[in-house]
Amino acid sequence: MSSPLTPAAAPLAHSAAPLAQSVVQSVDWLAIAPPTITAAVALVVLVADLFLADARKAVLGWISVAGLAAAALMLLPLLDGDRATFCLTGDTHACSYTADHFTLAIQFLVLGGALLAALLSVTALKDANRQLPEGEYWFLLLSSAAGAALLPASRDLATLIVALEVASLPAFALVGIRQGNRMSAEAALKFFLSSVTATAVSLMGVSFVYATTGTLYLTRIADGIRHVDSQFHTLAQAGVALTLVGFAFKTAAVPFHFWVPDTYVGAPLPIAAYLSVVGKAVGFSGLILVTVVAFPSYADVWGPALAVLAALTMTVGNLGALRQQTTRAYSAVRLLAWSSVGQAGYLLVPIAAAAYSDDTDKAIGSTVAYALMYAAVNLGAFAVAALVGRSRALNRLSDYRGLYASNPLAALILAFFLLCLAGLPPGIIGLFAKVTVFSAAVDAGLGWLAVVMAVNVVIALFYYLQWTALLFAAPEGEPARHRVPAPLTAAIALTAVLGIALSGAPQLVLRFSDTGLF
């Protein structure tokens, strides 16, 4: 047997050395820092939970908040330019992880959303009086956030699916983490079954795409799928369709939205807030990557399909929310759940428009800008709902009647968030985002979709304005006083400041509209 140092083995070692060196040099640790820090803090929390006494487990929450804040701050050094990691040797266009403007915008949304959900969770876990397992809760939340932060940077289908599942699997447990709660268990089961179905459909679609192109890299798929042999053309079409259907589940697009209302109501409120923003960001970033990056040559297939899905989703979502407003005995969280389905329809519009537009980057940038606006104000609305829920466990719409009398500042802030979601002044950022999406549809020649969107905006005005008016109505009986803990105060203040700042300078969102995907 030859020694590794013999001359016979030397050429092999010599040829392998440059390859190994190139692979090592391609790893940019700063670029992968945000998801890496989040995952590392998750492991720290899991281990620390084993050694901390029950009375001191609250420190795990603050470790998690600090970790998410540190991960978000690591995005700042990346703003100076594009950084790519894990590329194939000699081919910077076939990467598994890329930190471009699109990645940074979505990671900012994901980590910021997770941070605000963590602040809400600190208060929720304290109010639960140890009925929720704190160590497991924080580990699952951080693990899901790490997967969600990884997904927008994924540039091959394998990494994309793995990141999607890392983000989704802990979320199932978080939804059903309240032991002995029948509603929570039912919500977790519905969420689990719908997500497993979506994953199975996506994996079948990915396998078909791989069979026809022989690669998993998104940019190479875009090149290979254009030149598929005629005998594999049907297989390629099936792969594209199944992949899109799988991600439609993740975005809660109609008719794959059925799990959303019960899941939001059954989950702990901070987790409902997390799913409404971070879960939606995961689904939409994945959908953008597989459509405009991997399947641009099939735009004539996914473009009309997404346009129809957008119209159905915004209409069904807004009509569902309108139904919740017919009686004030309905849960405010359920109304926010249906509202989030309607908002998903607006987010789908620019992606559909990208199939018809000459400026695809601008169209996708409209979705990113709208998602950033929606994340700030929707998390703020959930934060105020968490405040009301501390004294009104059912959190019904009737519980918000006369909120101004008991907590004027909270009522004014919630009114501002609702007006932002409706797209009315002084919520200028909401109006700005809707005009941006509307313009994307008109510029792409989708006039009918713009009309459907305009009609839905009017429908949404009704239930948003009714809820707003309820805040300032005369209270029935003695108004409940709401004491606001410091973490909850921080969450409400952060979202309010962000919403007001963006309403004063909406052009700040345009910094993220240049996605850098093309």
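A salt bridge here means a side-chain nitrogen of Lys or Arg within 4 Å of a carboxyl oxygen of Asp or Glu. Keep that in mind as you click around, and remember that this is a predicted model.

**Stop 1: D100 and R155**

Select D100 and R155 and show their side chains. They meet in a salt bridge, 2.8 Å from N to O. D100 sits in the loop between β2 (91-99) and α4 (101-127), while R155 is in the loop between α5 (134-150) and α6 (157-175), so the bridge ties together parts that are 55 residues apart in sequence. Buried or exposed, these two, D100 and R155? Both are buried. A search of the whole structure turns up eight salt bridges.

**Stop 2: a salt-bridge network**

Now pick E186, K190, D262 and R334, which are linked in a network of salt bridges. Start with K190 and E186, whose closest N and O atoms are 3.3 Å apart. These two are four residues apart in helix α7 (residues 182-213), so about one helical turn separates them. K190 is partly exposed at 29% relative accessibility, and E186 is partly exposed too, at 35%.

Move on to R334 and D262, another salt bridge with its closest N and O atoms 3.3 Å apart. This pair links distant parts of the chain: R334 is in helix α13 (residues 332-354) and D262 in helix α10 (residues 260-266), 72 residues apart. R334 counts as partly exposed at 22% relative accessibility, and D262 does as well, at 23%. Buried would mean under 20% relative accessible area.

**Stop 3: the nonpolar core**

Zoom out, then colour the core. The largest nonpolar core holds 176 residues, and the members touching the most others are W138, Y274, F295, Y400 and W467. Which helix gives the most to this core? Helix α14 (residues 360-389) does, with 20 residues.

Centre on Y274. Leaving aside residues up to four places away in sequence, Y274 touches A114, A117, L141, S144, A145, A148 and G279.

**Stop 4: aromatic pairs**

Show the aromatic rings next; the whole structure has 10 aromatic pairs. One of them is Y137 with W138, an edge-to-face pair at 5.5 Å centre to centre with 80° between the planes. Y137 and W138 are both buried. F416 is buried at 12% relative accessible area, and F417 is buried at 0%.

Then select F172, F191, F192 and W259, which ring pairs link into a cluster.

**Stop 5: out to the surface**

F51 belongs to helix α2 (residues 33-51) and is exposed, with a relative accessible area of 69%.

Next, go to S439 in helix α17 (residues 428-443). S439 is partly exposed, at 32% relative accessibility.

**Last stop: the whole protein**

Go back to a cartoon view: there are 19 helices and two strands. Of the 518 residues, 57% are buried. Among contacts with a separation of 6 or more, 80% join residues 24 or more positions apart. The protein exposes about 20500 Å², with carbon and sulfur atoms supplying 67% of it.

Terms used
Residues numbered from 1 in each chain as written. Predicted model: local features only at pLDDT ≥ 70, side-chain atom pairs only at ≥ 80, totals over all residues. Heavy atoms only, no water. Core = buried A, V, L, I, M, F, W, Y, C linked by side-chain atoms within 4.5 Å. Buried < 20%, exposed > 50% of the residue type's maximum accessible area, 1.4 Å probe, protein only. Contact = heavy atoms within 4.5 Å. Phe/Tyr/Trp six-rings, centres within 6.5 Å; stacked < 30°, edge-to-face > 60°. Areas by Shrake-Rupley, 256 points an atom, 1.4 Å probe, with all protein chains shown as cover.
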